[in-house]
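Me: I have a structure to get through and have not looked at it before. Can you take my questions as they come?

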Amino acid sequence: MRNIDFSSWQGLLVTLSGLVLVTALGVGIRLIMMMTIQQKRERANRQINERLKTLIAAYKTLGGSFTGNLTVDPSHLRDLRQREREAADATALPAEISQGGSERARRIRDAVEAALSDIILLGTEEQVRLARDAARELVAGHAVHTHALVVSLRNFIREALDLDPIPSDLELPAQGPTRQPGSGGASSRNRDQGDGGGKGSGAGMGMGAGMGAGMGMGMGGGLGMGGLGAASLDEEDDGHHR
């Protein structure tokens, strides 16, 4: 306030310039701080969104079924093939049925292993411990239950999304890994049937075209002969009249 001088126009100009400079510096500092804070918030939101997206996908993989076999079979392909041969010899089941079940079990195990890897990377401390225990059980060749890990994921996701917690008196059934779709055997069979149907329809069209052409030629030939016969009769009648 001591440097403010309104006694002359030079002092007034200097005073106004100083005020403008101070105001511009304050606004610039404030804008820089706001941009920095906004960038940090956007980065944090992206991280939270990616983390939630990954954990939600892991939750769906580990707890997508309520019925059937709710454990993860840790057997590998060689073990599954050996089991298939033993089951086929013991029960005389078709090989396609046995292979379909083994293929589905292998797909479930692969999906569960990928989900456990994502949880170890992005999960909380409790979730990482549970995922580590499940991975150890898989390595040891033991069947794994994923219900405890599913409950931890469900509680964390609902809390992160500001959803009300599930009431404690509400008992939910145990959850297990999602049953993965089988291999493309049915689709290949449908494709083969479609190819056969296409070939049959093509053959039918060819036969129909051939018959149509033959009938057309026969009718055309008959009409031509009839026309010649009629012309010869007319000439004979003219000869008689003459």
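Me: How many helices and strands does the protein chain have?
Reply: There are six helices and two strands. Both are DSSP runs numbered from the N terminus, helices being H or I with at least four residues and strands E with at least two. This is a predicted model, where local features need pLDDT of at least 70, side-chain atom pairs count only at pLDDT 80 or more, and totals for chains, interfaces and linings use all residues. Residues are numbered from 1 along each chain as its sequence is written, and side-chain values use heavy atoms, with hydrogens and water left out.

Me: And what order do the elements run in?
Reply: From the N terminus on, α-β-α-α-α-β-α-α.

Me: What share of the residues is buried?
Reply: Of the 242 residues in the protein chain, 18% are buried (under 20% relative accessible area, 1.4 Å probe, protein chains only).

Me: Which residues touch the most other members in the largest nonpolar core?
Reply: That core has 19 residues, and L62, V112, L116, I119, L149 and L153 touch the most other members. A nonpolar core is a set of buried Ala, Val, Leu, Ile, Met, Phe, Trp, Tyr and Cys residues joined through side-chain atoms within 4.5 Å.

Me: Which helices supply at least two residues each?
Reply: Helix 1 (9-62), helix 3 (95-122), helix 4 (125-140) and helix 5 (147-160).

Me: Switching to R109: buried or exposed?
Reply: R109, found in helix 3, is buried, with a relative accessible area of 7%. Its side chain makes a polar contact of 2.8 Å with that of D110 (a pair of N or O atoms within 3.5 Å, one able to donate a hydrogen and the other to accept it within protein; residues adjacent in sequence count only if both atoms are side-chain atoms).

Key:
Buried means under 20% relative accessible area, exposed over 50%, partly exposed in between (1.4 Å probe, protein chains only).
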